[in-house]
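Visitor: I would like to learn how to read a helical model from its contacts. Please take me through it one feature at a time.

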Amino acid sequence: IVSLFGMLVTGLVLVTLFPNSIRKAVHESIKNPGKDFLWGLAVFVAAPIAAITLAFTIIGLPLGAVLGVGYVVALYLAKIMVGLVLGTYLFGAIRGREHAQKASLVAIMVLGVFVLWLITGIPGVGGALTLVAMVWGLGMLLNLKLRAIKAFEA
């Protein structure tokens, strides 16, 4: 239950600080989840390898540590992003697609994170579902970050 409330509080901060970016990332991921999943798989594999490789060099040690900590934070945030997608999908199934696009991100996030928490708690398949959620969410976070960099440079 502590992990659920931690994800809810963190998700609340995310949707409050970046509502437009998150809503756009969620809708793009719903349209093309395979792209986000493949990018997430690449990050899931490459980031720890890069962090460990950097940590072996004296000059790269601080950068490797920062990359490692960032990776752990991204894995945590990834599940919240997938919770937002799940909540948007469920909200659309219950209330209609148009209403889901205009609904409060907080309500969508609470619904999605709660359902994701329940699903990933299932013995046997919960671990595999958590892994899939983290990989998919990493891809979403990467695309969100790339869009933010493009907007900053423009």
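**Reading burial, core and helix packing**

Guide: Ala-47 has a relative accessibility of 12% and therefore counts as buried. Keep in mind that this is a predicted model.

Visitor: Where does Ala-47 lie, and what is it in contact with beyond its sequence neighbours?

Guide: Ala-47 lies in helix H3, which covers residues 33-55. Leaving aside neighbours within four places in sequence, Ala-47 is in contact with Leu-67 and Tyr-71. As for distance along the chain, Ala-47 and Thr-57 are 10 residues apart, and their C-alpha atoms are separated by 16 Å.

Visitor: How should I read a nonpolar core, and which residues touch the most other members here?

Guide: The general idea is that in soluble globular proteins nonpolar side chains tend to be buried together. In this model the largest nonpolar core has 33 residues, and Met-81, Leu-84 and Val-113 touch the most other members. At least two core residues come from each of helices H1 (2-17), H2 (19-31), H4 (61-95), H6 (105-120) and H7 (126-153). H4 gives the largest share, 11 residues.

Visitor: What does Val-113 touch?

Guide: Not counting residues up to four places away in sequence, Val-113 touches Leu-4, Met-7, Leu-8, Ile-80 and Gly-83.

Visitor: How do I read the packing of two helices, and at what angle do H4 and H7 cross?

Guide: Look at the axes, then at the residues that meet. The axes of H4 and H7 come within 7 Å and cross at roughly 95°. Angles of 65 to 115 degrees count as roughly perpendicular, so H4 and H7 are roughly perpendicular to each other. By class, their contact has 15 nonpolar, 2 polar and 1 charged residues. Among the residues that meet are Tyr-71, Leu-75 and Met-81 in H4, and Met-134, Trp-136 and Leu-141 in H7.

Visitor: Which residues of H4 and H6 meet, and how do the axes cross?

Guide: The axes of H4 and H6 come within 7 Å and cross at roughly 105°, so H4 and H6 are roughly perpendicular to each other. This contact has 14 nonpolar, 4 polar and 1 charged residues by class. The H4 side includes Ile-80, Gly-83, Leu-84 and Thr-88, and the H6 side includes Ile-108, Gly-112 and Val-113.

Visitor: Is Thr-88 buried or exposed, and which backbone oxygen lies 2.8 Å from its side chain?

Guide: Thr-88, in helix H4, has a relative accessible area of 7% and is therefore buried. A polar atom of the Thr-88 side chain lies 2.8 Å from the backbone oxygen of Leu-84.

Terms used: Residues are numbered from 1 along each chain as its sequence is written. This is a predicted model: local features need pLDDT of at least 70, side-chain atom pairs count only at pLDDT 80 or more; totals for chains, interfaces and linings use all residues. Side-chain values use heavy atoms; hydrogens and water are left out. A nonpolar core is a set of buried Ala, Val, Leu, Ile, Met, Phe, Trp, Tyr and Cys residues joined through side-chain atoms within 4.5 Å. Buried means under 20% relative accessible area, exposed over 50%, partly exposed in between (1.4 Å probe, protein chains only). Helices (H or I, at least four residues) and strands (E, at least two) are DSSP runs, numbered from the N terminus. Contact means heavy atoms within 4.5 Å. A polar contact is a pair of N or O atoms within 3.5 Å; within protein, one must be able to donate a hydrogen and the other to accept it, and residues adjacent in sequence count only if both atoms are side-chain atoms. Axes are lines fitted to C-alpha atoms, for helices over the stretch in contact, and angles run from 0 to 180 degrees between N-to-C directions. Angles under 35 degrees count as roughly parallel, over 145 as roughly antiparallel, 65 to 115 as roughly perpendicular and the rest as oblique. Ala, Val, Leu, Ile, Met, Phe, Trp, Tyr, Cys and Pro count as nonpolar, Asp, Glu, Lys and Arg as charged, and the others, Gly among them, as polar.
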